[in-house]
Amino acid sequence: VHGPEGQVRPGLSHPTEARPTSSLDMLLLSFVVAGKNFQMEVVEEETVYTAKQRLEPICDVPAAQQRWIVKGKEAMDEHTVKTLSASNVMVLRNHTAHKARGAATSTAMLLASEPDGTHAPAQVSAPESHLLEAIDLGDGPSVLMVINGRQRLRLHCHGSSTILSVKELLRASCGAAPRQQRLLAKGKEADDTSTIESLGLVGGGKLMLLFREAQHKLIEGDAIFSTCKATIADLTKRIAEAESRGRRRLDEPMVVLTTVGALEAEVRAVRLDIQNSKISQTNERAVRLQEVDELGERLQTLRERIKGS
């Protein structure tokens, strides 16, 4: 497999087997990352963010920090790869993006260049240092390694175990209901009714765990919600400081009013994030909204006091 500078990646050889057949429609995308070129096969119906997760171990840019620029416009994470309508992607790095979405899947499909100019797929794994220690789940003679971001799950099951039962086992570790999980075996999504034996995995193998768009939104929403909690604590401290300076007349009234206006804008922004985020703990939404509304009332009281002084 050729790296960005045309060098052969160490430890990898050109595979001679034919490309595995799959019922999924695949696309070959070319990426430019910090001046280096990469290629990766993607599934047309997967989301841009899912593809970013698989690109992470190849280009060493976390999925949450990748900005895909296609035809001069940024591709949205929730859109499918098919909607890009292009095969060339410029990847920029957003250093300020938080990593709340989680790390990328640790295997990705690269294309190995053959002497005749054709391409054959090869599995490239992320460096072991990026992976967490494997967790054991279930019981049974067949052992499968399930890759979920940096997490590895060593699944013990039986040949008669269905994919649906495997997803049920994974629920506790990944936090996603079976209907939100996608398990890929040998490059193809496995049907819930398929058994480990029918997939040819009785002797062991690997499964890639991906999530459907709704689950990605839930994960992102929980991350945003968690950030909002920290922001509320910070705003509470800053509003208390503004109230104290206002009472002691340490600043000119216009300075205080300017500070109040800026804080009010932040409070409104946090309120919108809390309202619009899709979260798993919906009962906490009302609690956070009440806290934000109380901050807004305190700022309004401070504004009226300064104007009346």
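The structure is a predicted model, in which local features require pLDDT of at least 70 and side-chain atom pairs count only at pLDDT 80 or more, whereas totals for chains, interfaces and linings use all residues. Residues are numbered from 1 along each chain as its sequence is written, and side-chain values use heavy atoms, with hydrogens and water left out.

For the protein, the mean pLDDT is 75, and 74% of the residues reach 70 or more. Confidence is lowest in strand β6 (residues 107-113), with a mean of 33, and highest in helix α5 (residues 283-308), at 89. Residues 1-23 have pLDDT below 50, and this stretch has 43 contacts in the model beyond near neighbours in sequence.

The secondary structure comprises 5 helices and 13 strands; these elements are DSSP runs numbered from the N terminus, with helices (H or I) of at least four residues and strands (E) of at least two. Of the 309 residues in the protein, 44% are buried, where buried denotes under 20% relative accessible area, exposed over 50%, and partly exposed in between (1.4 Å probe, protein chains only). Among contacts with a separation of 6 or more, 60% are between residues 24 or more positions apart. The accessible surface comes to about 16400 Å², and carbon and sulfur atoms account for 51% of this area, as computed by the Shrake-Rupley method with a 1.4 Å probe, for which only the protein chains shown count as cover for residues.

Strand β13 (residues 205-211) is largely enclosed by the rest of the structure, because 5 of its 7 residues are buried. Strand β9 (residues 142-148) runs parallel to β13 and is joined to it by 4 bridges, pairing of two strands requiring at least two DSSP bridges between them. Strand β11 (residues 181-185) is antiparallel to β13, again with 4 bridges. M208 of β13 is the bridge partner of I147 and also of L184.

H156 lies in strand β10 (residues 151-157) and is buried, with a relative accessible area of 19%. The side chains of H156 and D136 are joined by a polar contact of 2.8 Å. Such a contact is a pair of N or O atoms within 3.5 Å; within protein, one must be able to donate a hydrogen and the other to accept it, and residues adjacent in sequence count only if both atoms are side-chain atoms. Beyond its neighbours within four places in sequence, H156 contacts D136, L137, G138, D139, G140, S142 and V143.

Methods. Contact means heavy atoms within 4.5 Å. pLDDT is the predictor's confidence in each residue, from 0 to 100.
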